[in-house]
Amino acid sequence: MFTQPIPTIRRDGDAVVILDQALLPHACELRRLTTLEEVATAIHSMQVRGAPLIGATAAYGVAIALATDASDARLDHALTTLAATRPTAVNLHWALGQMRERLLPLAATERPAAAWREAEAIHRDDAEMCAAIGRHGYAILERLAAGLDRPLRVMTHCNAGWLATCGAGTALAPVYEAQARGLAIEVWVSETRPRNQGLLTAWELREAGVPLRLIADNAAGILLARGEVDVVITGADRVAANGDAANKVGTYLKALAAREHGVPFYIAAPFSTVDFGCADGGAIPIEDRGPAEVCTVLGLDSDGAVKSLRLAPESTAAANPAFDVTPARCITGIITERGVCAPGRLRDLYPDAAR
Ligand SMILES: CSC[C@@H](O)[C@@H](O)C(=O)COP(=O)(O)O
């Protein structure tokens with residue numbers, strides 16, 4: 001199974017150590033989180049990011065919160081605090097729901113150890129789900145590559161690689177599987193303004209030796225129109241019951257262009273990203289992260305120091321919807337750990353799901 005070059009999160013006694021993604025790809029630092037408040041800040045500020053990783057981190061946050069006080073009131077406080085950190089990725093709420101369900105029936109004395117056990121299980125399961133998504137997605141790539149005398153060209157958006165999960169990633173898991181099996185592949189990576197998660201994708205692919213080309217977000221249309229993309233695969237932060245999928249802002253435009261030019265468009269996501277409680281994409285809450293991220297950019301100065309640079313004058317009005325919703329009609333299929341399905345057929349894969 002894929003091994004993360006640096007664990008995105010790991011337990012360290014009664015704390016966790018995270019890879020701080022706020023500085024990547026310019027600086028690689030680990031951070032130890034020891035309190036509920038530190039975990040909540042790490043999620044909100046995107047030191048940890050990516051729907052599956054946010055879910056696992058929140059689960060560890062509950063375990064950290066219960067270390068000294070495992071009363072009902074403390075559990076409730078931890079769940080409420082963590083639930084308020086980010087609204088769109090449903091994995092957060094799914095993981096907190098799992099923790100609540102397991103811990104609430106237990107006596108307070110039993111909860112701390114059980115909380116760590118459950119958080120570690122969520123962590124482990126996510127890595128396994130990524131591996132299964134990789135295998136199912138690989139079958140699609142292998143089929144599309146049949147007969148080609150050049151590498152298969154995959155386009156992705158945002159970062160849905162190992163950095164966004166506890167394993168190989170979601171959208172990038174099939175890419176890593178292809179690399180492991182020797183299928184020639186190259187990846188178009190869009191920069192993903194305003195937080196530039198595409199730079200994280202470029203970083204992890206380059207480190208892994210997967211050929212890639214970084215593009216400005218707006219270059220996706222011309223590449224799809226020219227026939228320079230064989231397939232688009234992105235992750236998701238929440239998939240509604242009808243298959244509409246919320247993902248990083250900019251995904252929708254890629255899906256529209258892919259449809260126009262007859263290029264297959266796949267969403268890769270585990271069960272923890274599926275929300276049967278949302279009938280369609282209109283019910284998915286979209287995070288607005290405020291104007292500052294749009295008006296600034298993070299980079300390295302000529303002395304090699306990580307700096308935030310102002311792009312637009314201080315008083316410039318800006319809007320920053322962080323996600324958009326791709327309608328099911330623009331999605332060729334959803335790659336899950338249980339297999340691939342048409343967007344409207346998720347229930348067939350999860351007949352046992354309550355929510
Ligand atoms: C594997 S998570 C889904 C991704 O495709 C993507 O939208 C994402 O990384 C989440 O966004 P982020 O805002 O960086 O936490």
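Trainee: Which residue does UniProt list for "active site"?

Mentor: The unreviewed UniProt entry lists D237. Keep in mind as we talk that this is a predicted model. In the chain, D237 sits in the loop between β7 (231–234) and β8 (238–240).

Trainee: What makes D237 count as buried or exposed?

Mentor: We count C-beta atoms around it. A residue is buried if 20 or more other C-beta atoms lie within 10 Å of its own. D237 has 31 C-beta neighbours inside 10 Å, so D237 counts as buried.

Trainee: Which residues is D237 in contact with, leaving aside its neighbours within four places in sequence?

Mentor: They are A51, T88, A89, A246, N247, T273 and F323. Here, contact means that the C-beta atoms of two residues lie within 7 Å.

Trainee: Which residues does the UniProt annotation "binding site" cover?

Mentor: That record, also an unreviewed entry, covers R49, G50, A51, R86, Q197, N247 and K248. A51 and N247 are among the contacts of D237.

Trainee: How do you know whether A51 is buried?

Mentor: Use the cut-off of 20 or more again. A51 has 27 C-beta neighbours inside 10 Å, so A51 counts as buried. A51 is part of helix α2, and the residues it touches beyond four places in sequence include A89, N91, A164 and G235.

Trainee: And what makes N247 count as buried?

Mentor: N247 has 29 other C-beta atoms within 10 Å, and therefore N247 is buried. N247 belongs to strand β9. Beyond four places in sequence, N247 touches C158, T234, G235, A236, D237, F323 and T326.

Trainee: In what order do the strands of the open sheet stand?

Mentor: The order is β11-β8-β9-β14, four strands with mixed pairing. β11 and β14 (323–326) are at the edges because each has a single partner strand, which leaves one side of each without a neighbour in the sheet.

Trainee: How do you know that β9 and β14 pair?

Mentor: Two strands pair if there are at least two bridges between them. β9 (residues 245–248) and β14 have four bridges, in the antiparallel sense. Within that pairing, K248 stands opposite F323 and A245 stands opposite T326.

Trainee: How many bridges join β8 to β9?

Mentor: Two bridges join them, and the strands run antiparallel. With a requirement of at least two, β8 and β9 pair as well. V239 is opposite A245 there. These strands form a hairpin with four residues between them, where G243 takes a positive phi near 95 degrees.

Trainee: Where else do strands form a hairpin?

Mentor: β1 and β2 form a hairpin with two residues between them, and G13 in the turn has a positive phi of about 65 degrees. Strand β1 (residues 9–12) and strand β2 (residues 15–20) pair antiparallel over four bridges. β2 is also joined to strand β3 (residues 29–33) by five bridges, again antiparallel.

Trainee: How do you know that the span of helix α4 agrees with what it should be?

Mentor: Helix α4 (residues 90–103) has 14 residues, and at 1.5 Å a residue it should span 20 Å; its end C-alpha atoms are 20 Å apart, so the two agree.

Trainee: Why is α4 called mostly covered?

Mentor: Ten of its 14 residues are buried. Among them are V90, L92, W94 and M99. The buried residues of α4 pack against α2, α3 (72–83), α5 (111–145), β8 and β11 (274–275).

Trainee: How many residues does the largest nonpolar core have?

Mentor: It has 105 residues, and V62 and A268 have the most contacts inside it. Helix α2 (residues 51–65) gives the most to this core, with eleven residues. The core draws at least three residues from each of domain 1 (9–125) and domain 2 (134–349). In soluble globular proteins, nonpolar side chains tend to be buried together.

Trainee: How many residues of domain 1 are in contact with domain 2?

Mentor: 24 residues of domain 1 are in contact with 27 residues of domain 2. On the side of domain 1 that touches domain 2, the largest share, five residues, comes from α2. The C-alpha centres of the two domains lie 25 Å apart.

Notes. Residues are numbered from 1 along each chain as its sequence is written. This is a predicted model: local features need pLDDT of at least 70, side-chain atom pairs count only at pLDDT 80 or more; totals for chains, interfaces and linings use all residues. UniProt positions are given in the numbering used here, feature names are shortened, and annotations may be inferred rather than shown by experiment. A residue is buried if 20 or more other C-beta atoms lie within 10 Å of its own, exposed if 12 or fewer, and partly exposed in between; C-beta atoms are placed from the backbone. A nonpolar core is a set of buried Ala, Val, Leu, Ile, Met, Phe, Trp, Tyr and Cys residues joined through C-beta atoms within 7 Å. Domain bounds come from an automatic or database domain assignment. The expected span of a helix is 1.5 Å times one less than its number of residues.
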